[in-house]
Amino acid sequence: MDWCPEDGQVWQLVDGEPVAMAPASTTHARIQAEIARLIGNHLLERGSACEVLMAPGVTPHLERAHNVRVPDIGVSCSPGGDDGSLLSAPVLLIEILSPSNHRETWANVWAYASIPSVREILVVSSVSVGAEVLRRRSDGSWPEQAEVVSSGELHLESIGYVTPLMAFYRTTRLNTRR
């Protein structure tokens, strides 16, 4: 983590190159906060030892020394990190997809899939109601295509969580019932 400047900016290390992340839109931030709150409440109600963190650092399994990625949300069921600055053994990683970060987000998703502890990766849209879920199979492989959820319930098997997809959008203009 010596490469990361302390300038208030969020940085990722991508193949050995520091990359600054753009500030999130208000809609992106609202979705991120709502998902973290909902999942955190779920874990608390279950008495789970798992924790949810916003913007944790994670290291892909491949090229570990040259990569630290920052998902929007991470859930780990293992205490502590490698050095206190990285999320140890994440089981669920969540990205909020914006039009301006589509390529970078999906590059991160495939890097996350290399982390042995990750069971699921959730990508949530910030411009329309929708999500894509990648779920590791019992043999350790990943599907070629994500499961698309555009309405109804969203299932996160890694943490035993089921919620209406619309709950993630409660505080945004995308929630027509607001």
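Author: Contact here means heavy atoms within 4.5 Å. The model is predicted, with local features needing pLDDT of at least 70 and side-chain atom pairs pLDDT 80 or more, while totals for chains, interfaces and linings use all residues. Residues are numbered from 1 along each chain as its sequence is written, and side-chain values use heavy atoms, without hydrogens and water.

Reader: Which residues is Ser 126 in contact with, leaving aside its neighbours within four places in sequence?

Author: Ser 126 is found in the loop between strand 6 and strand 7; strands are DSSP runs (E, at least two residues) and helices are runs of H or I (at least four), numbered from the N terminus. Its contacts beyond four places in sequence are Thr 27, His 28, Ile 31, Ile 96, Leu 97, Ser 98, Pro 99 and Leu 174.

Reader: Is Ser 126 buried or exposed?

Author: Buried means under 20% relative accessible area, exposed over 50%, and partly exposed in between (1.4 Å probe, protein chains only). Ser 126 has a relative accessible area of 5%, so Ser 126 is buried.

Reader: Which backbone oxygen does the side chain of Ser 126 reach?

Author: The side chain of Ser 126 also makes a polar contact with the side chain of Ser 98 (3.2 Å). The backbone oxygen, reached at 2.9 Å, belongs to Leu 97.

Reader: Which element gives the largest share of the largest nonpolar core?

Author: Of the 26 residues in this core, Ile 35 and Ile 39 are among those that touch the most other members. Elements giving two or more residues include helix 1 (26–45) and strand 5 (90–97). The largest share, 6 residues, comes from helix 1.

Technical notes
Core = buried A, V, L, I, M, F, W, Y, C linked by side-chain atoms within 4.5 Å. Polar contact = N/O pair within 3.5 Å; in protein donor to acceptor, adjacent residues only side chain to side chain.
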